[in-house]
Amino acid sequence: MEVAGTSAVITGGGNGLGRAIAIALAREGANVAVADVEHDAAESVAREVEALGAKALAARVDVTREEDLERLADDAWAAFGSVELLFNNAGVGAGRAPAYGFSADDVRWILGVNVEGVLNGIRVFAPRFIEGGRESRIVNTGSEHSLGIPFPGSAVYTASKHAVLAISDVLRAELPEHVGVSVFCPGWVATSIWRSSERRPEHLGGPQEANPAGGKLSAEHAMSAVEAADMVLQQIREGRFYLLTHPHVIEYAQTRWNDVEAAFAEQAPRYEGDDRYDVAKAIARIRAARAG
């Protein structure tokens, strides 16, 4: 899918990866609607997009509120005439704790933004993409944590990113051919997610002071958001499902698969006729019998 001449909507577009993707899209000749929970940040990025000669729209959007996304979609179509790319990019993290150490508010906040926010975007934009009939794509931001990194202290965040992969995997089997799906699984990228606690809503614990060490470490050791954004655009052009940035992450994915494969070999090895319990095949047999 070529991005030149398209129009895109990016949630969490006011900083980090969202901003970098917005700028990369504008450089390629795409219009960009920048949505962020901080309107000033969204407006700042929109001005950068316009300075590159593309049309831009800035909107304050809380992705946990479906009505915010409905309004964003209406405004984007009104401004650009059509939208072909949705980046469900908004995401948060809530420090580190053992799985039993996160509060109920921590869980509701992380899953609300990282999972419900993605589903809200899909609910609002997918039907419009389907009806529009144009080549389009939904890009959901997961993480290297989507692929198998059991990093101690990040159980809830990791669960949320596993969910993004699962949602994306199912979604691509549900959509018509003209609507593509990608899951973006970056490794360590220099973003401001370490500051997300400063934007935490009052009803889920309120803003909390962020540890600046996170920003310092990212700035010194992580891949730049610009580099990651350039990779993403190239992979979108190629129609990829997995959008990957950090080669070493394959070691974590392979470790997980090796564990799964070994468990099957020891506990449930294949045998002739074992697929009689395969749900997909059972459903296919039932449908065939009804049709016949």
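A pocket, as the word is used here, is an open set of grid points with protein on both sides within 12 Å along at least five of seven lines. In this predicted model, the second largest pocket has a volume of about 180 Å³. There are 13 residues in its lining, and those closest to the centre are L147, L244, V249, I250 and A253. Two elements, β7 (242-244) and α8 (250-267), each give at least two residues to the lining. As for its make-up, the lining of this second largest pocket counts 10 nonpolar residues and three polar ones, with no charged residues.

Strand β7 leads on to the sheet. Seven strands make up an open sheet with parallel pairing, and reading across it gives β3-β2-β1-β4-β5-β6-β7. The edges are β3 (56-60) and β7, each of which pairs on one side only. From one strand to the next, the twist averages 15°. Strands of a sheet pair through backbone hydrogen bonds, either parallel or antiparallel. Here β6 (residues 179-185) and β7 run parallel and are joined by three bridges. F184 has L243 in β7 as its bridge partner.

Helices pack on this sheet too. Helix α7 (residues 225-237) touches β4 (85-88), β5 (136-141), β6 and β7, and its direction makes about 150° with that of β7. Helix α3 (residues 66-80), for its part, lies across β1 (7-11), β2 (31-36) and β3, running at about 165° to β3.

Besides lying across those strands, α3 packs with another helix, α4 (residues 104-132). Two packed helices are described by the angle between their axes and the distance between the axes. For α3 and α4, the angle is about 35° and the axes are 9 Å apart, and the crossing is right-handed. On the α3 side, the contact takes in E66, L69, E70, A73, D74 and W77. These meet G117, N120, G121, R123, V124, F125, R128 and F129 on the α4 side. Sorted by class, the contact between α3 and α4 has six nonpolar, three polar and five charged residues.

How values were computed
Residues are numbered from 1 along each chain as its sequence is written. This is a predicted model: local features need pLDDT of at least 70, side-chain atom pairs count only at pLDDT 80 or more; totals for chains, interfaces and linings use all residues. Side-chain values use heavy atoms; hydrogens and water are left out. On a 1 Å grid over the protein atoms alone, a cavity is a set of points where a 1.4 Å probe fits but cannot get out, and a pocket is an open set with protein on both sides within 12 Å along at least five of seven lines; lining residues have an atom within 4 Å of a point. Grid points are joined across faces, edges and corners, and a volume is the space filled by probe spheres set on the points. Helices (H or I, at least four residues) and strands (E, at least two) are DSSP runs, numbered from the N terminus. Ala, Val, Leu, Ile, Met, Phe, Trp, Tyr, Cys and Pro count as nonpolar, Asp, Glu, Lys and Arg as charged, and the others, Gly among them, as polar. Two strands pair if DSSP finds at least two bridges between them. Axes are lines fitted to C-alpha atoms, for helices over the stretch in contact, and angles run from 0 to 180 degrees between N-to-C directions. Contact means heavy atoms within 4.5 Å. A crossing is left-handed if the near helix is turned anticlockwise from the far one by less than a right angle, and right-handed if clockwise.
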